[in-house]
Amino acid sequence: MRRLLHALVLLAAAIPCAALAPRVAVAYPTDFVDELVAAVPGAPVVFVCVPDGRWFVGDIFGSIYEVASNGTVNPAPMITLSVENFEERGLLGMALDPAFPAAPYVYVLYTPPGASQTNLFHRISRFQVSGGTIVAGTETILHSTLPTGNGYHVAGGLEIGPDGKLYATVGENGYDGAQPYPQQLGRLEGKLIRINTDGTIPSDNPFYNTAGARQEIFQRGYRNPFRFTFQSPTGLLWANDVGSNFPNAYDEIDVGGAGANFGFGIVEGIVPSPPAGVTNPIYAIKRNSGACIAGGAFYTGGPFPPEYDGNYFWLEHLRGQINRMVLDGGNVVQSVTIPWGATASGGWDNGAGDLKMGNDGAFYYCTYDPGQLRRIRYNGTVSVPPGGDRRTALDPPSPNPFAGATQVRFALGATARVRLGVFDLVGRRVATLEDGVIEAGAHVSTWSGRDLDGRSVAA
């Protein structure tokens with residue numbers, strides 16, 4: 001159900017800055033804090049942010065755990081799937097239906113076990129969520145032929161794009177260029193695929209009518225695109241591709257649309273004259289003694305200082321880093337900071353794997369070992385010069401109309417007591433989004449479409 005948000009009210013009364021909590025020094029730029037949200041069982045590699053403030057965290061060994069908004073972990077898994085864990089396989093990808101909870105579905109990419117460890121395939125399935133559980137017997141298999149070959153370089157990213165389609169990645173399966181599969185349209189190794197949420201294939205896929213091609217292919221020429229995301233408002237797909245083990249190998253950040261070819265098997269990194277039809281990465285990082293690019297996310301606005309809006313951040317699993325890229329309006333790279341911060345852990349099978357911007361405007365990431373869900377938040381205040389003033393403003397909610405949840409951004413000229421509410425057309429309060437002391441600066445609040453009693457409101 002799509003809802004239209006008609007009215008919002010923000011009331012703010014200034015209070016002295018002396019009431020603010022002390023800041024904590026960390027290995028990040030000033031006033032940024034990296035903190036533990038929850039210790040999660042197993043080895044978390046993927047998570048989704050739920051509109052009501054929860055997180056669903058996927059463990060590579062097959063379990064999905066519910067983490068409450070206060071960081072409490074339900075020790076009973078929402079579900080435990082039977083998976084193959086040989087090499088890099090297991091539960092690898094997860095996406096939440098954009099209309100959740102009205103459409104109570106979670107999508108999972110995992111590797112079911114089989115008779116042979118070198119002839120298995122990833123499966124993409126839809127499951128129904130009820131409260132804090134995934135309902136047994138509700139699995140609907142949507143795709144089951146993403147090859148995993150030798151068991152490593154199997155990618156496993158899964159996202160729902162702004163077009164409402166399911167996107168998933170598979171790597172080149174450990175051949176490391178010895179086979180031309182990433183360039184071949186008749187095979188799925190080294191590809192990014194696009195399907196409908198019912199498992200059918202969209203007829204506007206770039207190779208849908210190409211003889212001999214797998215119709216679900218959306219992009220090709222990858223080595224191991226473990227994680228990817230979509231840029232707002234362009235809708236462009238940004239994929240983090242782990243490079244090869246050869247000299248002059250590069251991790252790549254690849255940006256492109258339907259039919260893009262990023263060249264693996266032919267070229268790697270940024271080359272002065274790419275072969276016909278090959279797209280250079282927007283950025284490439286030489287691997288040297290080893291690296292492993294992992295999750296990436298855009299900062300789309302909120303409590304961080306305004307110069308962070310539109311920046312791209314990505315994780316370096318092995319080196320234990322989070323890096324920052326500043327772009328102009330045309331997606332031309334203006335600057336890159338490596339590292340921007342040091343994540344809580346690093347090293348093979350220890351570092352961070354997935355990165356997302358949360359509903360509260362903070363960044364969240366998960367680490368494999370120890371199993372943790374962590375938050376990077378801004379703890380600073382906006383400086384107001386003597387006699388100066390900053391504008392207090394309330395932006396229109398976005399998206400509006402909406403299904404599932406909408407975000408409301410506002411700015412405060414000074415630290416203030418804030419009440420932010422949703423009202424119906426006759427002036428009755430429907431929901432309270434904020435009621436307390438909030439620091440000066442930019443903020444974001446999320447409304448799940450539920451009233452004061454927790455009931456889902458009508459359209």
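This is a predicted model: local features need pLDDT of at least 70, side-chain atom pairs count only at pLDDT 80 or more; totals for chains, interfaces and linings use all residues.

User: How many salt bridges does a search of the whole structure find?

Analyst: A salt bridge is counted where a side-chain nitrogen of Lys or Arg lies within 4 Å of a carboxyl oxygen of Asp or Glu. The pair of E216 and R214 meets this cut-off, with the closest N and O atoms 2.8 Å apart. Within that pair E216 is buried at 4% relative accessible area, while R214 is partly exposed at 27%. Salt bridges with shared partners also join E35, R375 and R377 into one network, and the search of the whole structure gives a total of 14.

User: How many residues apart in sequence are the parts that the salt bridge between D34 and R374 ties together?

Analyst: The closest N and O atoms of D34 and R374 are 2.8 Å apart, and the two residues form a salt bridge. Because D34 belongs to strand 2 (residues 32-39) and R374 to strand 26 (residues 372-378), the pair ties together parts whose separation in sequence is 340 residues.

User: Is D34 buried or exposed?

Analyst: A residue counts as buried when its relative accessible area is under 20%. R374, the salt-bridge partner of D34, has a value of 12% and is buried. For D34 the relative accessibility is 12%, so this residue counts as buried.

User: Where does P370 lie, given that the peptide bond from D369 to P370 is cis?

Analyst: Most peptide bonds are trans. The bond from D369 to P370 is cis, with omega near 5°, and another cis bond runs from I338 to P339, with omega near -5°. P339 is placed in strand 23 (residues 333-342), whereas P370 lies in the loop between strand 25 (363-367) and strand 26.

User: Is H153, which has a positive phi although it is not a glycine, buried or exposed?

Analyst: Most residues other than glycine have a negative phi. H153 has a phi of about 55° and is found in the loop between strand 11 (140-147) and strand 12 (158-160). E87 also has a positive phi, near 60°, and its place is in the loop between strand 6 (79-80) and strand 7 (91-96), where E87 counts as partly exposed at 46% relative accessibility. With a relative accessible area of 8%, H153 is buried.

User: Which residue in strand 31 is the bridge partner of V408?

Analyst: Strand 28 (residues 406-412) and strand 31 run antiparallel and are joined by seven bridges. Five of the seven residues of strand 31 (residues 441-447) are buried, so this strand is largely enclosed by the rest of the structure. The bridge partner of V408 in strand 31 is S445.

Key
Residues are numbered from 1 along each chain as its sequence is written. Side-chain values use heavy atoms; hydrogens and water are left out. Helices (H or I, at least four residues) and strands (E, at least two) are DSSP runs, numbered from the N terminus. Buried means under 20% relative accessible area, exposed over 50%, partly exposed in between (1.4 Å probe, protein chains only). Two strands pair if DSSP finds at least two bridges between them.
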